[in-house]
Amino acid sequence: MHITKNITYNNQRFSAITDDTTCIDSHTLFVRTKQNERYFAAIDIKPPYIEAQNLREIFAMPKCIVGITGTNGKTTTATIIYEALRELGYSTALLGTRGFFVNGKTLKPKGLTTPSVLELYENFESAKECQYFIMEVSSHAIVQERIAGVHFGLKILSNITSDHLDFHKSLEEYIRVKNSFFACDSIKLLSADEPKARYNLANAYTYGIESKANLYAVSYDVSHNVHAQVAWNDENAPLEIAQLQTKLFGKHNLYNALAALGALKLLTHAPLDSLTQVIAHFGGVSGRMEVVSTKPLIIVDFAHTHDGMEQIFQSFIGRKLVVLFGAGGDRDTSKRPKMGAIADTYTHRIYLTSDNPRSEDPDSIIAQIAQGVCDTTKLIIESNRQKALELAIQSLQDDEVLLVLGKGDENYQIIGDKVLPFDDREVIRHLLAFVDS
């Protein structure tokens, strides 16, 4: 990345900054990162450079940065916090899977969950007037030190299951990486119900449903929209109890709402009941448990791990479930049969199709998912996602719920080296309109 910016560093003046070794000249300050270190080492005459962890010395920063990591729930939790803080009157930025937003304006479209370290600091400077900067932190970003030098005012853990083992090579390493984010003395908020969480106890707060925590659900109902009686227990203040009513579906979204509520409490110190009232206004995240049709009931979600899928399925216990999904190509292959197995456990009809196959053979990906399905009589295979959706909708009965998983609000499909327009929600609406006509 190459940014035009007037900089004074180590008593030298520069007109640009870059992390690309091919863009080095006498007017440009180079950023040395973990990712470009080998290219930098190959340069005979080293240019003036700055270490990534020192970028805060030359970029203006927002007042408080909140980082959220976990296998599932990052986007929803981050968005609830962002929207709630804005409603409470705070100037706030949001950076994550869905893009970069400042006070309701979209500054950048979707990209990496956590961008490169130089782009991240550029984003910080764009939001320098913000009181809060809410960001998703991926496990890749932790390993690759894309958050080098960032001082977090609050760190949040949603959960740790299994994902990205193509990158981390083992579940144990993935768990270690996630937990490493919480080894410092920063203020942190973690799920008390996550048995794999390991963290520094200093300045640690917890939330939970099954376990007593600083913030916990006294009682709850997730049979329809998420409702709960919640309590905030801090030894330095009186116990607070409030009613939490949301427009969200599923127990997993109760966890997301609790994480967001705990964060809001730690950041603003406002009364618990006033914070639950703000969360009640949150309408959900596009592509996350998004109801595309009510009759028949069709829901689109981004779930792309077996754990994420199970959370969705558990939101509809007692209903007849039909699921349509695939798995991304050139990604963790170990999760594919697990996804098939969890679908087999909870649903009575399964449509296996393409997600973003990328360079892999779609039929091969589907075959790996199918290995986890014991009852093959419930299995329908159609690699063309649009045709699979058409088959699923044509066969859908009034008492069934169709769950379309994996792509969420993505408006493209990656097949080979082509990025083709494709949005599950638009395709579903078109097919429903055709059926109705």
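**Side chains in contact**

Biologist: Is E119 buried, exposed or in between, and what is its relative accessible area?
Modeller: E119 is partly exposed, at 24% relative accessible area. Buried means under 20%, exposed means over 50%, and partly exposed is in between, with a 1.4 Å probe and protein chains only.

Biologist: What kind of model is this?
Modeller: It is a predicted model; local features need pLDDT of at least 70, side-chain atom pairs count only at pLDDT 80 or more, and totals for chains, interfaces and linings use all residues. Residues are numbered from 1 along each chain as its sequence is written, and side-chain values use heavy atoms, with hydrogens and water left out.

Biologist: Back to E119. Which side chain meets it in a salt bridge?
Modeller: That of K108, at 3.3 Å, N to O. K108 is in strand β8 (residues 105-108) and E119 in helix α3, so the pair ties together parts eleven residues apart in sequence. A salt bridge here is a side-chain nitrogen of Lys or Arg within 4 Å of a carboxyl oxygen of Asp or Glu. Helices (H or I, at least four residues) and strands (E, at least two) are DSSP runs, numbered from the N terminus.

Biologist: How many salt bridges in total?
Modeller: The count is 21. One of them joins E210 and K251 at 2.6 Å, N to O. E210 sits in the loop between β12 (204-208) and β13 (215-221) and K251 in helix α7 (residues 251-268), so this pair ties together parts 41 residues apart in sequence. E210 is exposed at 52%, while K251 is partly exposed at 24%.

Biologist: What about D409, which residue does it bridge to?
Modeller: R288, with the closest N and O atoms 3.4 Å apart. The two lie 121 residues apart: D409 in the loop between β21 (400-405) and β22 (412-415), R288 in the loop between α8 (272-279) and β16 (290-294). Both D409 and R288 are buried.

Biologist: Which ring does the charged end of R288 sit over?
Modeller: The ring of F302, 4.3 Å from its centre. The rule wants NZ of Lys or CZ of Arg within 6 Å of the ring centre and within 35 degrees of the ring normal.

Biologist: Switching to rings. How many aromatic pairs does the count come to?
Modeller: Eleven. Among them, F30 and F40 are stacked, 5.3 Å centre to centre with 5° between the planes. F30 is in strand β3 (residues 28-32) and F40 in helix α1 (residues 37-41), so the pair ties together parts ten residues apart in sequence. Y121 and F124 are edge-to-face instead, at 5.4 Å and 90°. Rings of Phe, Tyr and Trp (its six-membered ring) pair if their centres lie within 6.5 Å; planes under 30 degrees apart are stacked, over 60 edge-to-face, the rest tilted.

Biologist: Which residues does UniProt list for "binding site"?
Modeller: The unreviewed entry lists T21, T113, T114, S138, Q144 and R146. They span 126 residues and the farthest two C-alpha atoms are 25.1 Å apart, so they do not all gather at one spot. UniProt positions are in the numbering used here, feature names are shortened, and annotations may be inferred rather than shown by experiment.

Biologist: How far is the backbone oxygen of T114 from a polar atom of the R146 side chain?
Modeller: 2.2 Å. T114 is buried at 1%, and R146 is buried at 6%.

Notes. A polar contact is a pair of N or O atoms within 3.5 Å; within protein, one must be able to donate a hydrogen and the other to accept it, and residues adjacent in sequence count only if both atoms are side-chain atoms.
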